Structures are given as structure tokens and as C-alpha cells.
Protein chains: 2
Amino acid sequence: MQAEPDHLPIGRFAKAAGIGVEAVRFYQRKGLLGEPERPPGGIRRYGQADVARVRFIKAAQRLGFSLDDVAQLLTLEDGTHCSEAAEFATRHLADVRARLRDLKRMEAALSQLLAHCDSQHGSVACPLIASLHGAR
Amino acid sequence: MQAEPDHLPIGRFAKAAGIGVEAVRFYQRKGLLGEPERPPGGIRRYGQADVARVRFIKAAQRLGFSLDDVAQLLTLEDGTHCSEAAEFATRHLADVRARLRDLKRMEAALSQLLAHCDSQHGSVACPLIASLHGAR
DNA sequence: CTTGACTCCGTACTTGACTACGGAATTACC
DNA sequence: GGTAATTCCGTAGTCAAGTACGGAGTCAAG
């Protein structure tokens, strides 16, 4: 049958999303990803929206969010009632901003290291620990 | 004996750093943290520099770095020869910048959600997935 | 100088996030 | 329409990052 971009069987879907077939099923069990309807005596098909969803999951994970965090973020995406959404979003936003602060400090420390390194050779230390001082 | 800030026994040290005693030993086994000398028939003592080091480890983890990544970052802190340092630092810097980009997008999406949410009640969706589109 | 808390060190268990396996059903290709 | 590749689904194993346990040695308060 058609393997067009919005009727991908699980194997192609997983490849398109950059994960394994087993990981797809794992995310479905965790509730991060829906199981498309299975036509009687047929197989499930996946679309581009599913691919984007998985890419988001992987991106958020790289930013240090657990799958439980990602699940909450996805409920925001999916549209919850405003009052609950605001609560989650506020908390996650504070979290995101704290991470941003630390990452910026880290970027500064690393790029200063490189600047030093370029200009003179020998050995240099990088005050990474000090740069995040006051972090929590 | 003295329990002054630079002669902490492992229990106080762990508490000061916000982790458990077992985690301290675990980081030592991983090489993230040195084992202070043990005076013959005595116990090891830890100082503020160790506390700061552990705090850095935890902060970096929250930013999505694995302990192996953190180990590399710490070699920069500890001061390596410039040529190797530059290589690591360049790679990590690119990584940090990619994360920064994604986090900024996420921050924008979340704060927009809140802005919408404040101004009108009912249900709102948050285009988080779309906000990271083009992420890797 | 004893007693209770703490340290040391090795091994084993737990949790989160997958990854692998295997047998029955479905699909795709010639 | 047969057969090789996929899918399905359940169970089990793996790896990272800890956490817990336990017995022998050390410290510190009375």
C-alpha cells in the first residue's frame, strides 16, 4: 500500500524520526505518542505530525528534560484548559530560564577559553565551575 | 577533629554539596572527583573546592550533559594542554549553542502561551513542537 | 574507655530510558 | 500465490546513574 509521507508504516516512521521501532512503542506505552487506529486486519500508519512530535521529544530530552517532563510539555502542545496550562507553563518557564542562565554562563566560559587558546599556546584552564557559581 | 569548612568528613561534605554519600563515592569511581589522601588510620576530608565541583556536576547534568560529557568539561576546568582543550571546547561550545537556541525557542513559546492565557480564559494550545522545528 | 555515630569499601539492588527477542499475523514483491 | 520482509505485542535484557546494605575500622562525647 502507499508509503506516502502521511501513511508511513512504523519502520519508516521510526527511521524518519531518527529513533528505533522499539522506542516508538516505548513512547506509546508512556503516553507520549498516540497509537494510530489499526484498521481491522491491517497495520498502523504514521504521519509527519508524529515525526515532529518525536523530534520534539528528543530535543527536549537533550535540554535535560525527563520523559515525564516532556509528557507535561506535550499536554501544553495538545491544548489543555487554560488554568492548568498556566500552572505547568509557569513552572516550566522558570525552569527553562534557569537553564538558559547556566547555559549562557557556560557559553561565555567556553568561548573565553577558546579566545585565550587561540592567542597563546601552552596550557590554559577554563573557569567553568566558577562560571556557574551561584547556580542551583 | 575539626569539622571546619575545608576539613569536612564525607557525610557533611555530601550534605553541603546536596548529594548522598554513596553518590560521592560513585563520582570518585567515575573519576569526576578525586579521593583526598587518607592519613594512615584516618578518614578522608573534603573542602569547598570539592563542594563547588559537585555543584557544577549537578548543574551540567540538568543542562542535559551526561557524566561522560561532564568529565570532559572538567578536564577543561582542570587545565589541559591547549590543543586538546581547544578541540573539546569547540565541540562542546557548538553543543551548548545548539541547546541555547532550542531553549530560547522554548522560552518564547512558553511565555507566549502565558501571555495568551492571561488575557483570555478558555483553552489554549502552545506551539512548542513547531517552535523547535528545524532542531536537531 | 565505652558506646553510638560515622567512615570505608565491596557488592547488590533500583529507576529511567531504552533495546532485543520471538512467534504469530500482515504486507510487498516477483 | 509463495516467500521474504514487516508489523504486532508481550516479555526480558541492557546501560547510565545512582541507592542500599553490611561488616570492619575510626571518631567523638560523656
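Tutor: The discussion below concerns the interface of chain A and chain B in a predicted model.

Student: What makes a residue part of the contact, and how many residues does each chain give?
Tutor: A residue belongs to the contact if its heavy atoms lie within 4.5 Å of the other chain. The contact takes 50 residues from chain A and 50 residues from chain B.

Student: How much area is buried between chain A and chain B, and what share do carbon and sulfur atoms give?
Tutor: About 4,700 Å² is buried between the two chains, with carbon and sulfur atoms giving 74%. On the side of chain A, the residues that lose the most area to chain B are A:Arg62, A:Leu103 and A:Ile129, together 16% of what that side buries.

Student: Why is the pair B:Glu107 and A:Arg97 called a salt bridge?
Tutor: The closest N and O atoms of the pair are 2.7 Å apart. The rule asks for a side-chain nitrogen of Lys or Arg within 4 Å of a carboxyl oxygen of Asp or Glu, so this Arg and Glu pair qualifies. Across the interface of chain A and chain B, four salt bridges are found.

Student: How many residue pairs are in polar contact between chain A and chain B?
Tutor: The count is 12 residue pairs, both residues being at pLDDT 80 or more. Of the elements of chain A, H5(A) gives the most to the side that touches chain B, with 23 residues. That side divides into 29 nonpolar, 10 polar and 11 charged residues.

Student: How do you know that S2(A) pairs with S1(B)?
Tutor: Pairing requires at least two bridges, and two bridges join S2(A) to S1(B); therefore the strands pair. They run antiparallel, and A:Val124 stands opposite B:Thr80 in S1(B).

Key:
Residues are numbered from 1 along each chain as its sequence is written. Chains are lettered from A and ligands numbered from 1 in the order in which they are written. This is a predicted model: local features need pLDDT of at least 70, side-chain atom pairs count only at pLDDT 80 or more; totals for chains, interfaces and linings use all residues. Side-chain values use heavy atoms; hydrogens and water are left out. Buried area is the accessible area (1.4 Å probe) that two parts lose on being put together, summed over both. A polar contact is a pair of N or O atoms within 3.5 Å; within protein, one must be able to donate a hydrogen and the other to accept it, and residues adjacent in sequence count only if both atoms are side-chain atoms. Helices (H or I, at least four residues) and strands (E, at least two) are DSSP runs, numbered from the N terminus. Ala, Val, Leu, Ile, Met, Phe, Trp, Tyr, Cys and Pro count as nonpolar, Asp, Glu, Lys and Arg as charged, and the others, Gly among them, as polar.
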